Amino acid sequence: MEIEEILTGILIICSVMLFILLCIYFFTIYRKNEKKRTFNKINNYIQQNERDWYNYLVLKKPLPKHLATKNELEAIDSIFVSYVTSMNKEEILERASTYAALNMKNYYEKQLSSGDENVRLQALQRTLVLDLEFLVPLIENRLKENRTGSIEEYLLMLKVAAKYNKNLFLAHMYKPRLPFYDNEYHLLLSNIDDCYCDYFKEHFEELPKQLKIAFLETLCVKENLNATYLTFLERLLVSECNEIRLRALRAISSFGEISHLKHYENFVESSLWEERLLLAEILRFVTEDESYTYLRTLLLDSNNNVRKQAALSLMNLPKGKAVLQQVSENEGESLAATTSGEVAQ
């Protein structure tokens, strides 16, 4: 009797498991077919209405009125993103944004409040790409209430805040609600507006250390900085923090000019070879006599990278080749090998 009960129990368990597996299988097939049907509907809408949307967005012609289904709204969203990102014209962005505000507000608001993070991320991306200002208050409220979500979602919300709410963005930059590391700061600062650069420059001493370093790294790749930034960077050369000095030197090297060599003379004998290397790099565009003197010293540096950079910098200066030849003759074969290798490169 007990064996029969055990076998019956096993049979029931197996039946239940088989039923569950079949449900999962059929649900997966259903979802797959549903996605395929949705894709086909979106694709068919785009093909059938492509000319109308081209006329509206590009030629500024009136758009035939029609009620859009959910799938058609997804298709329109795809059309907008395609035109705005590929053609990059302000008029197209304005027309797409206006249409979305008048006819797709509920669609995007539902996306932003979705329980699916991927859907929310898409809504945040659309806010940035399509200038969906009607979503901004909802995003601001989430930030004020510290409903940050994942780090990816938080970063996107902060990008929206940077575009529309300077004070809110700065508050979160000073005190991030999630841990920020170099990569997170880099993502936020890489395409930041010039007004934020000016603000960080003027309030540099108040910034958290990680934000200071990230800001200086941003200046290394920023173009068309004005002369006030050179003054700012040269002030940082006396900082007690090695990381700040190094990044200030790197930013100055990218800037392409200096105010006076006196700010740099201490780096010739720096205990950090990275600082001596960056000095050698900076001297490539300094034609004063002292520059040749410093590069002579750096050609004899104990670090091979510094010696190579000194040789490269001399090659860029009017009298550099003559100095290289002279030092090479005086200092022997080892230096000659280094400099000749650099000339060959």
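Select Asn-165 to begin: apart from residues up to four places away in sequence, Asn-165 touches Glu-140 and Tyr-196, where contact means heavy atoms within 4.5 Å. The model is a predicted one, in which local features need pLDDT of at least 70 and side-chain atom pairs count only at pLDDT 80 or more, while totals for chains, interfaces and linings use all residues. Residues are numbered from 1 along each chain as its sequence is written, and side-chain values use heavy atoms, with hydrogens and water left out.

Staying with Asn-165, note that this residue lies in the loop between helix H7 (151-164) and helix H8 (166-174); helices here are DSSP runs of H or I of at least four residues, numbered from the N terminus. Show the side chains, and that of Asn-165 makes a polar contact with the side chain of Glu-140 at 3.1 Å. A polar contact is a pair of N or O atoms within 3.5 Å; within protein, one must be able to donate a hydrogen and the other to accept it, and residues adjacent in sequence count only if both atoms are side-chain atoms. Asn-165 is buried, at a relative accessible area of 17%, where buried means under 20%, exposed over 50% and partly exposed in between (1.4 Å probe, protein chains only).

Next, select Ser-97 in helix H3 (residues 90-103), which is buried with a relative accessible area of 14%. The side chain of Ser-97 reaches the backbone oxygen of Asp-131 at 2.9 Å, and Ser-97 touches Leu-130 and Asp-131, not counting residues up to four places away in sequence.

Turn now to the salt bridges, of which the structure holds 13, each being a side-chain nitrogen of Lys or Arg within 4 Å of a carboxyl oxygen of Asp or Glu. Select Arg-142 and Glu-153, whose side chains meet in a salt bridge (2.8 Å, N to O). This pair links distant parts of the chain, with Arg-142 in helix H6 (residues 136-144) and Glu-153 in helix H7, 11 residues apart. Arg-142 is buried at 10% relative accessibility, and Glu-153 is buried at 0%.

Colour helix H11 (residues 209-221) next, where the buried residues include Leu-211, Ile-213, Phe-215, Leu-219 and Cys-220. The buried residues of H11 pack against H8, helix H9 (182-189), helix H10 (194-202), helix H12 (227-235) and helix H13 (242-255).

With the cysteines selected, how many disulfides does the structure hold? The structure holds zero disulfides, a disulfide being a pair of cysteine sulfur atoms within 2.5 Å. The sulfur of Cys-197 is 8.4 Å from the closest cysteine sulfur, in Cys-195, which is too far for a bond. Cys-220 is likewise in no disulfide, the nearest cysteine sulfur, that of Cys-197, being 12 Å away. Cys-197 counts as buried at 1% relative accessibility, and Cys-220 counts as buried at 14%.

To finish, select Arg-31 in helix H1, which is partly exposed with a relative accessible area of 40%. Between the C-alpha atoms of Arg-31 and Ile-213, 182 residues apart along the chain, the separation is 47 Å.

Note on methods: Helices (H or I, at least four residues) and strands (E, at least two) are DSSP runs, numbered from the N terminus.
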